[in-house]
Amino acid sequence: MTSEEREDQGDSSLPEIGNADIIILNDEKAESQKKKRKKLLLKEAKQARNHGVCYMSRIPPQMDPVKLRQVLSQYGEIDRIYLVPETKQLPQQVNRKKAGDFRGQGFSEGWVEFTNKRVAKRIAEMLNGEQMGGRKKSSFFYDTWNIKYLSKFKWEDLTEEIAYKHALREQKLTLEISAAKRERNFYMDKVDKSKGLTAIQERMKKKQKVQEQGSEINSDPQVDHQEPKVIRQFQQTRPVKDDSAQTKLRMSRDVLAGVFGGK
């Protein structure tokens, strides 16, 4: 028997699986995965109900989440830590910089979530108001703990509060931006109006100058006409008497005397 015939016989010995069987198997896998996810979610929810959150109203300089976890993990198991970073406008950071102290990133307040709320409550009661201690060379050796257990407070409440503060900050920022835009538009409108008024005033001044120059030019010939006229006098000859009428009478008399024989 050849290898191809053996493979054909081996394939024929296996049961045939249809498309319907494959669909059923996929549905069973999906249902089992859903059940596992549901169990995990219920387990996490049960664990979250048992968690406890402590609030720290003050974070010493040079303290960060890693160092805080190292210090508090010796008292109980820690799940999550959130510290609020300081802004540049806070007076604490300005005073530290002036005094020449730590100039790195500082934190103003923080929340620590313990896996057991009883442990969290016991740690807060034990450490609050006490000296941090640790190594003497550490910068926060002489600082005191300011920690308080938050009863009936869950980590989800903190995330909701952070999201709410973030939304308020964004809304305030948009309002400030819109107010700045309105002020800028108002200022630009005033600038445009002032430019238009100055242009109108300059045009009026130019017109007045042109009119004054034209009036001066027109007034110059009037002044020349008002000057006294020069009257020239020429010496004239006396008029000669006109005796033509008398000569005509004499001639007519002589003619008549010659005709009628008069003397």
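Methionine 204 lies in helix H6 (residues 155-225); helices are DSSP runs of H or I with at least four residues, strands are E runs of at least two, and both are numbered from the N terminus. The model is predicted, so local features need pLDDT of at least 70 and side-chain atom pairs count only at pLDDT 80 or more, while totals for chains, interfaces and linings use all residues. Residues are numbered from 1 along each chain as its sequence is written, and side-chain values use heavy atoms, with hydrogens and water left out.

Methionine 204 is partly exposed, at a relative accessible area of 45%. Here buried means under 20%, exposed means over 50%, and partly exposed lies in between (1.4 Å probe, protein chains only). Together with Leu197 and Ile200, Met204 makes a nonpolar surface patch of about 290 Å². Patch residues have over 30% relative accessible area and no salt bridge; nonpolar side chains (Val, Leu, Ile, Met, Phe, Trp, Tyr) are joined within 5 Å, and like charges within 9 Å. A salt bridge is a side-chain nitrogen of Lys or Arg within 4 Å of a carboxyl oxygen of Asp or Glu. Areas come from the Shrake-Rupley method with a 1.4 Å probe; for residues, only the protein chains shown count as cover.

Four strands form an open sheet in the order E2-E3-E1-E4, with antiparallel pairing. Strands E2 (78-85) and E4 (147-150) stand at the edges; each has a single partner strand, so one side of each is left without a neighbour in the sheet. Neighbouring strands are turned by 20° against each other on average, direction ignored. Pairing requires at least two DSSP bridges between two strands. Strand E1 (residues 52-56) is joined to E4 by 4 bridges, and the two run antiparallel. Tyrosine 55 has lysine 148 in E4 as its bridge partner.

Two helices pack on this sheet. Helix H3 (residues 65-72) touches E1, E2 and strand E3 (107-114), and its direction makes about 140° with that of E2. Helix H5 (residues 117-127) touches E1, E3 and E4, at about 150° to the direction of E4. Contact means heavy atoms within 4.5 Å. Axes are lines fitted to C-alpha atoms, for helices over the stretch in contact; angles run from 0 to 180 degrees between N-to-C directions.

Most residues other than glycine have a negative phi. Glutamine 62, in the loop between E1 and H3, has a positive phi near 70°. Glutamine 62 is partly exposed, at 32% relative accessible area. Lysine 152, in the loop between E4 and H6, has a positive phi of about 60°. Lysine 152 counts as exposed, at 77% relative accessibility.
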